[in-house]
Amino acid sequence: MLQTPHVTAGADAPSAFDLDLRVKSNIAVNGEYRMMVLDAPTHLLEQCKAGQFFNILCPQAGGESPYLRRPMSIYGFYPEKNELHFLYKVGGAGTRAMATLGENDSLTVFGPLGTPFTIEDDWKNLVLVARGVGLATLAPLALEAKRLGRRLTAICSARHPDYLMSIDLFEGLGARVIALTDAEGTSTPENLEVVVEKLIADGRADAFYTCGSNRILRLLQKLGEAHGIPGQVALEQQMACGVGMCQCCVRKFNRDDKVVNLRVCREGPVFDMAEAIAW
Amino acid sequence: MVDLTVDIAGLKLKNPIMPASGTFSEELAEVFDLEQLGAHVTKTITRDWRDGNPTPRVCEVNGSMLNSIGIPSKGVGAFLEKVVPFFKRYETPLVVSISGNTADEFATLCQEVSVEGVDAIEVNISCPNIEEDGKAFAIRPSSTFEIMQRLRAASPLPLWAKLTPNTGEVAEVARAAEEGGADALVVSNTILSMAIDIHTRQPRLGNLMGGLSGPALKPIALRMAYQCARAASIPVIGCGGISTAEDVIEYLIAGATAVQVGTATFIHPTAMLTILHDLEAWLAAQGIASVSELIGSVIDGEQDIETSAIAVAQ
């Protein structure tokens, strides 16, 4: 299972590992998403933090021949049961090839990589707002919030109630879950604003976290600025190396009164919400 | 025990494997011990701040990659303050890659990076030269000779000229670089390419065109390394599409003294170590005592390669 990295004595201890891991399961969660569970060593899982990602070497399978690796957020990491979870939507060549893997197949993953979420000491009431696969990135944050004893509200947005995921996971972690869907007409920015304003009025919003939606990012930036509430956003960008060498995954951010390019793989994928520029 | 050491114009390397510029940085130290490499080659910098090109900056095409990153640079000040000191912790030689829009800017930078801790300078003369309508210095023998003379006068350090495959005058450019003062040739940079999304009808790179790298480039860059090794008398460092020890062996037989591994590191972050390990094992299995025995050992019957190239053209 474990491909020992080439590390010599005297070197700094590595913080990212390229490993061949055994697939424990790889099943459809609903019509759009699949979940991959990998058998992972403890030393790897103990390095993982909420918001980080792995750069995945997708197999040459199912008629697909992806070349570059594909970055994928960690959906869950559980050292106690040696499991690393990924939640993914089958879209391009890489994820189509991943979907072909079955139990006991092998998948090569490189990580954990990137800057994780942080939860400041005075952020007692956290609000997560997730849309679609952005949820995968925020799920480990819910686990960390529970570990730290913070009060958590998870607002989950999806096209249809059938595509709402992880509600059980969030509720199991003691979070209050608010589900909004396009089908029910509850996921509009106007309604989301009402929902978040209520949380602010109730003293349940010390910090915002989001991933996966431009509209949600804009709304939380607006509300955060109006009420002085900080926040963090996990962003995506096409990547190659995943560690900061190739400089391909930059996005623009407002920092120190300038617009600067930052690498999503290295300075991110988690950024200060106030610095992010909606796309 | 196989002797893996090679000599690049007086600079002794413990093995012939090093990264290609732009595919290596301090961050890789978090993955493995960089002391194992033959040399460290930094990403090309320019004197001044550069933002780089619009995204998308890379795309993949049939088992290879196109990129147009655009040399984002924090400038020479930040480089001398942060990057050079970082690599001082290693005994492995540090090779600094530089570029310039004009000959003056290029030469000034060449002088500025000639500091303690830097063992050689890779001069990226494959970049566009704004004084020559954006054509790279290394497209023509005359502009190659002129820029190399300027750079030679600016630094006492070994100069490695990185050549471009986007020229029809490979042997002439190689000789011009040598005559202009280059100590070694890095062969080669990426080849100008393009990809278009048939659904959106938009080019798949923000900069419209970019450089092809990865396995598809290898036969082209190998041919160039061979041509340069035959044309010039300074060492050739092979670069282009190397992802296995067999690729390295092929370059060495063609005439390269060492090699650079680039895009392969994006696919396998420890690719250079795997290649090094496999190279040593292959040499031992073949009963070859020193890697230098391979260099230029191609059995080509001493054919006239200029005639051979013309025959292909016809």
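**Reading helix packing and a chain contact**

Q: Which elements do the buried residues of H2(B) pack against?
A: Those residues pack against four elements of chain B: helix H1 (75-87), strand E7 (94-98), strand E8 (120-124) and helix H3 (141-154). Helices (H or I, at least four residues) and strands (E, at least two) are DSSP runs, numbered from the N terminus. Contact means C-beta atoms, placed from the backbone, within 7 Å. This is a predicted model: local features need pLDDT of at least 70, side-chain atom pairs count only at pLDDT 80 or more, and totals for chains, interfaces and linings use all residues. Residues are numbered from 1 along each chain as its sequence is written, with chains lettered from A and ligands numbered from 1 in written order.

Q: Which residues of H2(B) are buried?
A: An α-helix has 3.6 residues a turn, so residues three or four places apart point the same way. In H2 (103-112) of chain B, Phe106(B), Ala107(B), Leu109(B) and Cys110(B) are buried (20 or more other C-beta atoms within 10 Å of the residue's own). They cover an arc of only 160° around the axis, which puts them on the same side of H2(B). The arc is taken over directions from the helix axis to the C-beta atoms.

Q: At what angle do H4(B) and H5(B) pack?
A: Two packed helices are described by the angle between their axes and the distance between the axes. H4 (170-180) and H5 (218-231) of chain B pack at about 50°, with axes 9 Å apart. Val170(B), Ala171(B), Ala174(B) and Arg175(B) in H4(B) meet Met224(B), Gln227(B), Cys228(B) and Ala231(B) in H5(B).

Q: How many residues of chain A touch chain B?
A: 28 residues of chain A are in contact with 31 of chain B.

How values were computed: A residue is buried if 20 or more other C-beta atoms lie within 10 Å of its own, exposed if 12 or fewer, and partly exposed in between; C-beta atoms are placed from the backbone. Two residues are in contact if their C-beta atoms, placed from the backbone, lie within 7 Å. Axes are lines fitted to C-alpha atoms, for helices over the stretch in contact, and angles run from 0 to 180 degrees between N-to-C directions.
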